[in-house]
Amino acid sequence: MYVLCTEIRKNGEVIDHVNTPIGIRWFEFDADKGFFLNGVNMKIKGVCVHHDAGALGAAVPVAVWERRLQALQEMGCNAIRMSHNPPAPHLLDLCDRMGFLVIDEAFDEWEGVKHKWSTGHNVYPPKHFGYYEEFPQWGELDIKEMVLRDRNHPSIILWSIGNEVDYPNDPYCHPYFQTMTGNNDANKPAAEREYDPNKPQSDRLTTIATNLVRYVKECDMTRPVTAALAFPELANLIGYVDTLDVVGYNYKEHLYEEARQQYPNRVTIGSENSASLEAWLAVKDNDAICAQFIWTGIDYMGEAKGWPIRVSQAGFMDLAGYKKASYYFRQSLWLEDKMVFLAATSKDDPANVSNKRWHGGAPHWNWKAGEQLDVICYTNCEEAELFLNERSLGTKKLIDSPLGYLSWEVSFEEGTLNVVARSAEGIGCSYALETAAKSYQLLLQVDAPEMSADGQDIAHVEIEITDSYGKLVYLADDLIQLSIDGPGEIIGLENGDVQDLEPYSSKFRKAYHGKLLAYVRTGVTAGQIVVKAEAQGLITASIVIAVK
């Protein structure tokens, strides 16, 4: 990263100047070998993100994004796809500084209006409103302004002109399909899945895409243009794909090999993908496919299953930025440093029946006496040995598991469950779960023991419910009351619980998985901020933050 200083002089005197952060790098996409950054071939391990942060809504301070991006980086993520609208500039600044690759994307719809599932996916009737109303007048100006605003960010490697604007029958239609098929369409009425000549015809997408690509290149010729395609089979037929430099396939891993055979000179990437092991192997084991962007990195407001759930739970982290078990599975696939993690789930858990435990498990060791459990171990080491109260439950090798993780059947007993993982190079790492006693006290910790009195600085205060030994009580959900004294304010409380309907303006909230997060913002005077947490029957805790 560098700073470019541009000056305007008059008669030798500087009368105006602007400092622009810039970065120097080069990259290329190769149809056979994938992606190269500064001459180094690499896989793009990306996630998609929305722009909100739970309790903070869309006005997300830079420190909050920094904490989130750091966690994603620790997971092994190296790329972000911004979701369908120009992102906050300070988020791009962070991506520059922290070394993320970015797809900067405009538009979730063009001329045609998509169904808006206001009460649950495929729950009728849908609502119809959105950017399509503005696109004819503002589309060209908006995408040009996005590119002009963002083009000095070295993190950006692709401009995207749209997300799933080609979604079949929503609204564009084509006689290529007489009846739609696919998991996303199973709940739609039969009439809506059939070809309808009265709907907008998909050929129009090619005309619009041609114009949008031209608008982008009028502002920046240094980066390729892409789009996230929901129906690439049709996009290939109508010429939409031919307008793009890099073609993004959404959830179409089964078409990668066909694309490579039929279009050998084309660069194809996974622009939106599930978190399944199979979706990652389609990238990992294919030189030509260099990228995937998983939906999503972090939970976000909306696109929920239905009331009282108000949040999409697709993320590796919850609304508070706390890591889920799925985070550690992804870490085992993406991270180069050796790691190991334990979670457990009851044999009666529905996720066991559907064989999707890769996304689940709870990292605690408080179950019913004798309960039959599956203990799940996420690791990138070659083998791991599990111990219960110092008794070995056996060693297992990762190569023997087609699921990408290890598991043991264990009958619960109180104490310590720990795992020791070993790599072929002799590197070892371990992880332990311990039975916690009853809830006893609150513990507070802050990521910024000293803050600036600029009215904008943010600290994350994490509140945990622990037993008398300081162990997290994972199942605790006590109501916690927060108060603050000094030159600052609490601007939000978040626990990550997708069904918690407590108003975000409240100064109290239940713990979830034994935790609660408070966002504290400074005022404009120096002094000391004291944050205090109270809960009935638990020892009160407080923490002091210096403001300078």
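# Exercises on a predicted model

The largest cavity holds about 60 Å³ of space. The structure is a predicted model.

## Exercise 1: The largest cavity

Determine which residues line the largest cavity, which helix gives the most to its lining, and how the lining divides by class.

**Solution.** 

Step 1. A search of the whole structure finds three cavities of 30 Å³ or more.

Step 2. The lining of the largest cavity consists of A31, Y256, A259, R260, Y263, P264, R266, T268, A288 and I289.

Step 3. Helix α7 (residues 256-262) gives the most to this lining, namely three residues.

Step 4. Sorted by class, the lining of the largest cavity has seven nonpolar, one polar and two charged residues.

## Exercise 2: The second largest pocket

State how much space lies in the second largest pocket, and identify the helix that supplies the largest share of its lining.

**Solution.** 

Step 1. The space in the second largest pocket is about 340 Å³. The pocket is lined by 16 residues, of which W280, L281, K284, S332 and L333 are the closest to its centre.

Step 2. Two helices, α8 (277-284) and α9 (325-334), each supply at least two residues of the lining.

Step 3. The largest share, four residues, comes from α8.

Step 4. The classes in the lining of this pocket are eight nonpolar, five polar and three charged residues.

## Exercise 3: Two helices in contact

Decide how α1 and α9 are oriented to each other, and list the residues through which they meet.

**Solution.** 

Step 1. Two packed helices are described by the angle between their axes and by the distance between the axes.

Step 2. The axes of helix α1 (residues 62-75) and α9 come within 8 Å and cross at roughly 50 degrees.

Step 3. Angles under 35 degrees count as roughly parallel, and those from 65 to 115 as roughly perpendicular. The helices α1 and α9 are therefore oblique to each other.

Step 4. On the side of α1, the residues A71, E74 and M75 take part; they meet Y327, R330, Q331 and W334 of α9. By class, this contact has four nonpolar, one polar and two charged residues.

Key: Residues are numbered from 1 along each chain as its sequence is written. This is a predicted model: local features need pLDDT of at least 70, side-chain atom pairs count only at pLDDT 80 or more; totals for chains, interfaces and linings use all residues. Side-chain values use heavy atoms; hydrogens and water are left out. On a 1 Å grid over the protein atoms alone, a cavity is a set of points where a 1.4 Å probe fits but cannot get out, and a pocket is an open set with protein on both sides within 12 Å along at least five of seven lines; lining residues have an atom within 4 Å of a point. Grid points are joined across faces, edges and corners, and a volume is the space filled by probe spheres set on the points. Ala, Val, Leu, Ile, Met, Phe, Trp, Tyr, Cys and Pro count as nonpolar, Asp, Glu, Lys and Arg as charged, and the others, Gly among them, as polar. Axes are lines fitted to C-alpha atoms, for helices over the stretch in contact, and angles run from 0 to 180 degrees between N-to-C directions. Angles under 35 degrees count as roughly parallel, over 145 as roughly antiparallel, 65 to 115 as roughly perpendicular and the rest as oblique. Contact means heavy atoms within 4.5 Å.
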